[in-house]
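Biologist: Please display the model, and let us then go through it by question and answer.

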Amino acid sequence: MDLPDPVVLLKGTLPPIAAALLLVGLGGARLLPLAVAVGLGTAFGLLKEWPALPHQLWAAPDGRQWLLWGLFAATVVALVERFGGLRGRAAAGVGAAAAAAAVYLLLMKQAARWDMLQVLQHVGVGGLAAALSVLACRTTLGRAPANVAPAAVFTLLLSADAVLLTLGRSGLLAQMCGAVAAALGAAAGTSLWRRDVRLVAADGAWLGAAHGLFVLAGVHLASLAWPAAWCALAAPLPLLLLGRGLAARPVAWTVAAVLALLPGLAAAFWLASGG
């Protein structure tokens, strides 16, 4: 595998890192979804092009740009919940619905050529997988330690997704996913001078959407094989086994969370590498 161009790497990582350090560093973790959106949008503009507006994409669909707008929507849902505009089951439902709708938009161009069975298979099942990813992340974060540990664990997950997309032969998708991971990692770094840096259930909207949408995009817009994708999609599910009691011991929770992620991710990498 060829080494990435350093300039391209910087275009994909510096904007989200700068956005997270500025917004989260000044305004706290409640601005993390905004930092992700700003950093990801800027990185995409520098790497590829500035995204078209949704009404333009409706007429001329582009899966990668719809993926971007789907993640923007997920960050808006998280922001609204962070500021008290959504609560409980309503917030969970809106976040899951946004992720499922993003799958439809992601596949709009391909779906126009599919028969009904293929639409049900790819759009229906894919939308369900993205929605479940959001709900699983929300549940996990609701039981996680109230410190920076969950941010470190999910940075690992998204970074692994980015490497998996590289194996799936999509440098742009890998860079986009890496931008989300970079924003989250930089936000975690602000815990060095802020004590309120923590992920909450609301962040499951954009974290779950990012994980689900990027992996599905790797199949439909790149060359990631379905077996590897299903293993990657399922990788966070064992985190649901971590009970609230373990959250009182952040180090133990972090170790357990990383060990819980490893089997699914290892299987995904093995399958993506031709194993």
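Biologist: What is the relative accessible area of W230?

Modeller: This is a predicted model, in which local features need pLDDT of at least 70 and side-chain atom pairs count only at pLDDT 80 or more, while totals for chains, interfaces and linings use all residues. Residues are numbered from 1 along each chain as its sequence is written, and side-chain values use heavy atoms, with hydrogens and water left out. With a 1.4 Å probe and protein chains only, buried means under 20% relative accessible area, exposed over 50%, and partly exposed in between. W230 is therefore partly exposed, its relative accessible area being 39%.

Biologist: How many aromatic pairs does the structure hold?

Modeller: Rings of Phe, Tyr and Trp (its six-membered ring) pair if their centres lie within 6.5 Å; planes under 30 degrees apart count as stacked, over 60 as edge-to-face and the rest as tilted. By this criterion, the number of aromatic pairs is two.

Biologist: What kind of pair do the rings of W69 and F72 make?

Modeller: The ring centres of W69 and F72 are 5.3 Å apart and the planes stand at 85 degrees, so the pair is edge-to-face. Both residues belong to helix α4, three residues apart, or about one turn of the helix; helices are DSSP runs (H or I, at least four residues), numbered from the N terminus. W69 is partly exposed at 24% relative accessibility, whereas F72 is buried at 16%. The planes of W69 and F72 thus make the pair edge-to-face.

Biologist: Which residue has its ring centre 5.3 Å from that of W226?

Modeller: The planes of this pair lie at 25 degrees, so the pair is stacked. The partner of W226 is W230.

Biologist: Which residue forms a salt bridge with R138?

Modeller: A salt bridge is a side-chain nitrogen of Lys or Arg within 4 Å of a carboxyl oxygen of Asp or Glu, and the count comes to two. In the bridge of R138 with E81, the closest N and O atoms are 2.7 Å apart. R138 lies in helix α7 (residues 116-143) and E81 in helix α4 (residues 63-82), so the pair ties together parts 57 residues apart in sequence.

Biologist: How far apart are the closest N and O atoms of R82 and D203?

Modeller: R82 forms a salt bridge with D203. This pair links distant parts of the chain, 121 residues apart, with R82 in helix α4 and D203 in the loop between α9 and α10 (204-220). R82 is partly exposed at 21%, whereas D203 is buried at 0%. The closest N and O atoms of R82 and D203 are separated by 2.6 Å.

Biologist: Which residue has its backbone oxygen 2.8 Å from a polar atom of the side chain of Q175?

Modeller: Q175 lies in helix α9 (residues 171-189) and is buried, with a relative accessible area of 14%. Not counting residues up to four places away in sequence, Q175 touches V8, L9, G12 and L47, where contact means heavy atoms within 4.5 Å. The backbone oxygen that lies 2.8 Å from the side chain of Q175 belongs to V8.

Key:
Helix = DSSP H or I, 4+ residues; strand = E, 2+ residues; numbered from the N terminus. Polar contact = N/O pair within 3.5 Å; in protein donor to acceptor, adjacent residues only side chain to side chain.
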